[in-house]
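Here are my notes on the helix packing in this model. Please read them with the structure open.

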Amino acid sequence: MKIITKTIWVLSLVSMFTDVASEMLYPIMPLFLQQIGYTAVFIGVLEGVAEATAGLSKSYFGKLSDRMGRRMPFVQLGYSLSALSKPMLAFFVFPVWIFFSRTIDRLGKGIRTGARDAILSDESTPATKATVFGFHRSLDTLGAVAGPALALLYLYLYPGDYQTLFLLAFLPGLAAIALTFIIKEKKPELPTNQPKPTARFLAFFSYLKTASFSYKRLLFGLLLFALVNSSDVFLLLKMKESGLNDRLIIGLYIFYNLVYALVAYPVGKLADKLGLKNIFISGILLFSIVYVGFAFDCPIWLYLLLLAFYGLYAAATEGVAKAWISNIVPKTETATAIATFSGMQSLAALFASSIGGLIWVYAGPMATFLVAAVVSLLVVVYFGFTSIAEK
């Protein structure tokens, strides 16, 4: 049986091109906003609102996709909105317009996430789920390598020309939209003897009432970890405090994504062989090691090693978590179940970053990283002593 089908390939390329567009702007967005006069408070509120929009919308659109039995309209609309948001910043710099642009981008992510992951799940079997999700994460993360590299090259040649870069970021986004029309949607599998589920904006609350006990147990552990898994910005800030210059920090960020991209697929295959739970726990242990390391000032070679571990951690958890969820829920609930997790994870990440920032300000960077490391070890204990089905 062919594990990586044409649909998986195309959908992974769509994600890759979208990430090229997004990550071209990620490292330079704070620089651009500061250049045009916006403060760190504005930037923080902007990101908070954007992530909350993505988090709250994921579950609704995931359940709506299950209700309609359709996937591709959500995928196409979601990727189109994200692509169209990129050139918007090239025309106006009014605060409301910037908020609108960033929110449109995150809304696109919310619309497509559940439906896209449901397609990946439908294209695989319980024995190949982690492999498929790992392959998708691998190509997706290659975009996170290429995007910042292209941005650095462009700004090296044309320093400070951010507006043109926003326009250029639309091109890979346009390629992603075009690729979505290659995918042919399978005939929907809807229950014939049950009413269609109702889609509400806060759909994750209603879904949790009817979800299986195994799903709730898994979700509890995943969200407990998400509550301390703060933004990667804190890692970048710590390296900045250690004396590394901006180019070196962005280079290390690219290195982390490269490691992630290279190992996500083989780690996914390994998870299908050794067990999703075993690989996931290993990933959380790596996260704890990395955060203990970042609690202290490190030489550059140690940061390289820690970021390599961080890439392994991401490969062992992100795709594996979605594979695990899709294995223990009915096919007709896949988009809802994954989107419920993704939405609640986004909200938990917002909380984690806020709390992490407060700890950073009042107790110092060391406390921020050590608290996260300790709680992540508690997550390892939880999964180690909790019985949760994997298939």
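1. Start with helix α12 (residues 246-274) and helix α13 (residues 276-294). In this predicted model, the two pack at an angle of about 130°, with their axes 6 Å apart.

2. By class, the α12 and α13 contact residues divide into 6 nonpolar, 1 polar and 1 charged.

3. Now look at helix α15 (residues 334-363). This helix has 30 residues. From its first C-alpha to its last, α15 reaches 41 Å, close to the 44 Å expected at 1.5 Å a residue. G364 follows α15, and the phi of G364 is positive, near 100°.

4. Helix α16 covers residues 365-385. The axes of α15 and α16 come within 6 Å and cross at roughly 140°. The cut-off for roughly antiparallel is over 145 degrees, so α15 and α16 are classed as oblique. Their crossing is right-handed.

5. What holds the α15 and α16 contact, residue by residue? From α15 come G356, I359, W360 and A363. From α16 come P365, A367, T368, F369 and V371. The contact of α15 with α16 has 7 nonpolar, 2 polar and no charged residues.

6. At what angle do helix α4 (residues 72-88) and helix α8 (residues 170-180) pack? The angle is about 165°, and the axes are 8 Å apart. Angles over 145 degrees count as roughly antiparallel, so α4 is roughly antiparallel to α8. Is the crossing left-handed or right-handed? α4 passes α8 in a left-handed crossing.

7. Sorted by class, the contact of α4 with α8 has 9 nonpolar, 4 polar and 1 charged residues. As background, an α-helix has 3.6 residues a turn, so residues three or four places apart point the same way.

8. Last, the overall picture. How many helices and strands does the protein have? The secondary structure comes to 16 helices and 0 strands. The C-alpha atoms fill a box of roughly 60 × 45 × 35 Å, taken along the principal axes. The protein has 391 residues, and a compact globule with that number would have a radius of gyration near 21 Å. The value for the protein is 20 Å, which agrees.

Conventions
Residues numbered from 1 in each chain as written. Predicted model: local features only at pLDDT ≥ 70, side-chain atom pairs only at ≥ 80, totals over all residues. Heavy atoms only, no water. Helix = DSSP H or I, 4+ residues; strand = E, 2+ residues; numbered from the N terminus. Expected span 1.5 Å × (residues − 1). Axes fitted to C-alpha atoms, helices over the stretch in contact; angles between N-to-C directions. Parallel < 35°, antiparallel > 145°, perpendicular 65-115°, else oblique. Left-handed = near helix turned anticlockwise from the far one by under 90°. Contact = heavy atoms within 4.5 Å. Nonpolar A, V, L, I, M, F, W, Y, C, P; charged D, E, K, R; others polar. Rg over C-alpha atoms; globule rule 2.2 N^0.38 Å.
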